[in-house]
Amino acid sequence: MRIVVCITGATGAIYGIKFLEALKQYDNVTTHLIISEHGKENIKIETSYSLEYVYSLVNYAHENSNLAACVSSGSFEYDAVVIIPCSMKTLSSVANGYSENLISRVSDVALKERRKLIICPRESPLNSIHIELMLKLSNMGAYIIPPMPAFYNKPKTIDDIIDHHIMKLLDKIGIENRKSKRWEGMS
Ligand SMILES: Cc1cc2nc3c(=O)[nH]c(=O)nc-3n(C[C@H](O)[C@H](O)[C@H](O)COP(=O)(O)O)c2cc1C
């Protein structure tokens, strides 16, 4: 399975990093990573992880400016593109087909090739433009999975909250996992 992971400059870079750590556990998953320039900034601002560490988690990394990278073409097959976290700027470029960098291009390819596109948009509050763009992408088949914490599994740490989100992403891609406690009904 080939997964393209994109980290953009919305707050929550840690979600992207933890997602890459989770994918690294699977021998049958090959990862391609693209980090926007603002994504790189936010990794520095928000986390104690180095960019070297983040890149060490993946099989292949591409610069966001490199539109000639393999993942830029529909002829290069991949199973899913996951943008985590996704800024409103990148959301807009994807929703409007404005493929001026590799992240918007691979997302555009996923849509045109009818492959899985999973977007984890992050902004609060949302204005009507943000909501309209998400609706537009959802209508085109993209999965809109914002990092919204659940509390029914009684999280105790930030990692618990992030793991629950990662479980949802792995489920959607079709990767069996036990990242978090699932709701099994009231006893
Ligand atoms: C610390 C920090 C947090 C940010 N958080 C958000 C956010 O949650 N959502 C968002 O849409 N933009 C956020 N931004 C602004 C984006 O980084 C900015 O719009 C940028 O142009 C996004 O570019 P990119 O999508 O190419 O990464 C944040 C910026 C900084 C410095």
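Predicted model: local features only at pLDDT ≥ 70, side-chain atom pairs only at ≥ 80, totals over all residues.
Residues are numbered from 1 along each chain as its sequence is written, and side-chain values use heavy atoms, with hydrogens and water left out. Local features need pLDDT of at least 70 and side-chain atom pairs pLDDT 80 or more, whereas totals for chains, interfaces and linings use all residues.

**View 1. The shell around the ligand comprises 13 residues.**
Gly9, Ser36, Ser87, Thr90 and Arg122 come nearest. Eight residues of the shell are polar, three charged and two nonpolar; Gly counts as polar, and Asp, Glu, Lys and Arg as charged. Helix 2 (37-46) and helix 4 (88-95) each supply at least two shell residues, and helix 4 gives the largest share, three. Helices are DSSP runs (H or I, at least four residues), numbered from the N terminus.

Ligand oxygen atoms lie 2.5 Å from a side-chain N or O atom of Ser87 and 2.6 Å from one of Ser36. A ligand nitrogen is 3.1 Å from a polar backbone atom of Thr11. The ligand alone exposes 640 Å², of which the protein buries 71% (Shrake-Rupley method, 1.4 Å probe).

**View 2. Helix 5 (residues 102-112) is mostly covered.**
Eight of its eleven residues are buried (under 20% relative accessible area, 1.4 Å probe, protein chains only), including Leu102, Ile103, Val106 and Val109. At the start of helix 5, a side-chain oxygen of Asn101 reaches to within 3.2 Å of the backbone nitrogen of Ile103. Arg114, which follows helix 5, has a positive phi near 60°.

Key: Near = heavy atom within 4 Å. Polar contact = N/O pair within 3.5 Å; in protein donor to acceptor, adjacent residues only side chain to side chain. Buried < 20%, exposed > 50% of the residue type's maximum accessible area, 1.4 Å probe, protein only.
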